[in-house]
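Let's walk through this structure together, one packing arrangement at a time. Keep the view open as you read.

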2 protein chains.
Amino acid sequence: MATTIDDVARAAGVSTSTVSYVLSGKRPISAPTRQRVERAIRDLGYRPHAGARALASSRTNVLALMAPLRVDVNVSVIMQFVTGVVTAARAFDHDVLLLTADEVAGMERVASGSMVDALVMMDIEADDPRIPVLVGLRQPAVLIGLPRDPEGLSCVDLDFEAAGRLAVRHLARRGHRRVALLGSPRAVLERHTSYADRMLRGFDQEVAGSGLEGVVEPCESSMAGAVEAVDRVLERLPDVTGVVVHNEVALPWVVATLRDRGRHVPDDVSVVAVCPPDVATNQPLPLTSVDIPAHTIGKVAVEMAMARVDRDEPAETRLLAPVLVERASTAAAVR
Amino acid sequence: MATTIDDVARAAGVSTSTVSYVLSGKRPISAPTRQRVERAIRDLGYRPHAGARALASSRTNVLALMAPLRVDVNVSVIMQFVTGVVTAARAFDHDVLLLTADEVAGMERVASGSMVDALVMMDIEADDPRIPVLVGLRQPAVLIGLPRDPEGLSCVDLDFEAAGRLAVRHLARRGHRRVALLGSPRAVLERHTSYADRMLRGFDQEVAGSGLEGVVEPCESSMAGAVEAVDRVLERLPDVTGVVVHNEVALPWVVATLRDRGRHVPDDVSVVAVCPPDVATNQPLPLTSVDIPAHTIGKVAVEMAMARVDRDEPAETRLLAPVLVERASTAAAVR
DNA sequence: GCGCGGTGTCGAACCGCTTCGACGTCGCGT
DNA sequence: ACGCGACGTCGAAGCGGTTCGACACCGCGC
């Protein structure tokens, strides 16, 4: 347990540097020597001391993930982001340090304390106050989301703007003329959270472009919020026939409320969800949905981070193209 | 950024050790000296290098959290555990390294690599294979859950056995004689996950103790699973009047299915949920529930871990007493 | 007036690993 | 036969802290 590289060197009859080179592969070591060293490592159960390694190499093999651990939002999407990040990180031999979003000083702390090689931030807002801080850091950062000005940071996300357009176009093609967006909670919109903003924009664009009539309602992430939002929509646009729902928690209640109000899905109202596929299918009626590939996004974020760490490649922005899967919740408008 | 303790010492006109003592408070420093040092630290924006500190002090100020990041189970409970752990850790000036449950080697890696001061494990099974590994580690570990044999490790959890009894007793007191437990998915039960096992045991105990008739059905975490489980219960015990549901995801579908099958809640069937309060209230009908204080459990886990790290107190097991809150889903049995 | 204990500060020895320059050895070409 | 480069290994100097023993200085009691 308390074995050091010196113990290994002694056991293998080589110098410590040789052991180090066997471990890192940064210099050629002859096969017999390498085998002796590897043997010693195994026999002694040796593990390099992370702190010592970090000190000497200024690489920690840890990356920070700042996740919004508030309970209100999109729990399962967040979970998938996180698993995506963690598994991808492991593929690069990195571990993940978890920071909460409300702890903005946390980034500073872990970064200037040299605890991490890179940072991944979720839940980016249009003018996120964390961005200037990130820019000043020694470590590269990747944003999951798209701020107004990335200031040279890498960004990755689903192209929510295109997703909004795609959802509306799907409805428009089926003859729907009056559509609604049931989106994020008001607080999320007021923060100008990136994904909510862009979704909204895409929705509006396509509504205008296709000459539809459209209303937008924020929607709290609760049953009550869903009911309210649906009722507001029905009030503002009584003969709505297409609804785009971008709120995982409210989703089941939206559909239930529509039915309660006498609108059959999909005969009277078509519903397009924007959510992970498992959420869309785990409903009484399998929902047509635009996938949020959270796991993939997390993975890509890590890849971009590592690309900068390992080969300091320049920052880039990647928006993943949305994919719509038609299920049972959308149908042609009856007229 | 690249400022070191030497820079600070130079700027303050003292030795590095003095700076160190100012930071740690482990030796008395006169007020004027301390102030000069603190000033220099602030002016230079100095942060100690985490690796160097870990190397010299063999304390990392990081603790590992192994969480089951599978998407299937109890997502929001897990989230609350995690936030509980993270916020509590911060209160002890620690950060949290996130490990996934499927990566058993991860504990070994972070522990013998001296990346963490302690480990917190979620989702413990009765004979968890990780336990022997944890016992061999240099760092203390805290289990969230209660294995058959803790082997000297600290444990903390809701007293699920008491929770099971409490839920049944609540129903029994209201005159219900035929009750059912809709519990965890089969896979979770087959792993003998601690909480599921204990819940089951408590349910059975109280059913026997109160002379009730009871059935137990596993329940997958999906709509389909909930429907199936409810139907199986209705088949096995057609005149069931009390149902205990210990499955957050299935919960809404269980209630919906009961209604679909013509059983009104609470007039025909009383439902007691075992879940966090927000889940219980965010339903069409506010549900009587036994609280799972996930946030608190996470917090206590960290406190126990830190107690062992800082003052190496002996391991202990703490089971939190369950609390039942009566809401609208339970009523007296009609006979 | 002198020794004594306490207080505050310093110097130096680590902590365990990486990395760079140096060096010995060998096989090759001429 | 000799020089030279390539290959494999070593030694030592950091990396940036912590901590322990030493020591200077002070006021105190006798």
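Axes here are lines fitted to C-alpha atoms, for helices over the stretch in contact, and angles run from 0 to 180 degrees between N-to-C directions.

A word on the model: it is predicted, local features need pLDDT of at least 70, side-chain atom pairs count only at pLDDT 80 or more, and totals for chains, interfaces and linings use all residues. Residues are numbered from 1 along each chain as its sequence is written, chains are lettered from A and ligands numbered from 1 in the order in which they are written, and side-chain values use heavy atoms, leaving out hydrogens and water.

Now follow α14(A) to the strands. This helix lies across β1 (62-67), β3, β4, β5 (154-158) and β11 of chain A, running at about 165° to β5(A). Helices (H or I, at least four residues) and strands (E, at least two) are DSSP runs, numbered from the N terminus.

These strands belong to an open sheet of 12 strands with mixed pairing, in the order β11(A)-β5(A)-β4(A)-β3(A)-β1(A)-β2(A)-β2(B)-β1(B)-β3(B)-β4(B)-β5(B)-β11(B). Two strands pair if DSSP finds at least two bridges between them. At the edges stand β11 (317-320) of chain A and β11 (317-320) of chain B, each with a single partner strand, so one side of each has no neighbour in the sheet. From one strand to the next, the twist averages 20°. Within the sheet, β3 (residues 118-121) and β4 (residues 141-144) of chain A run parallel, joined by 3 bridges, and A:L119 has A:A141 as its bridge partner in β4(A).

Elsewhere in chain A, 4 bridges join strand β6 (residues 178-182) to β8(A), and these run parallel; A:V179 has A:G242 as its bridge partner.

Note on methods
Contact means heavy atoms within 4.5 Å.
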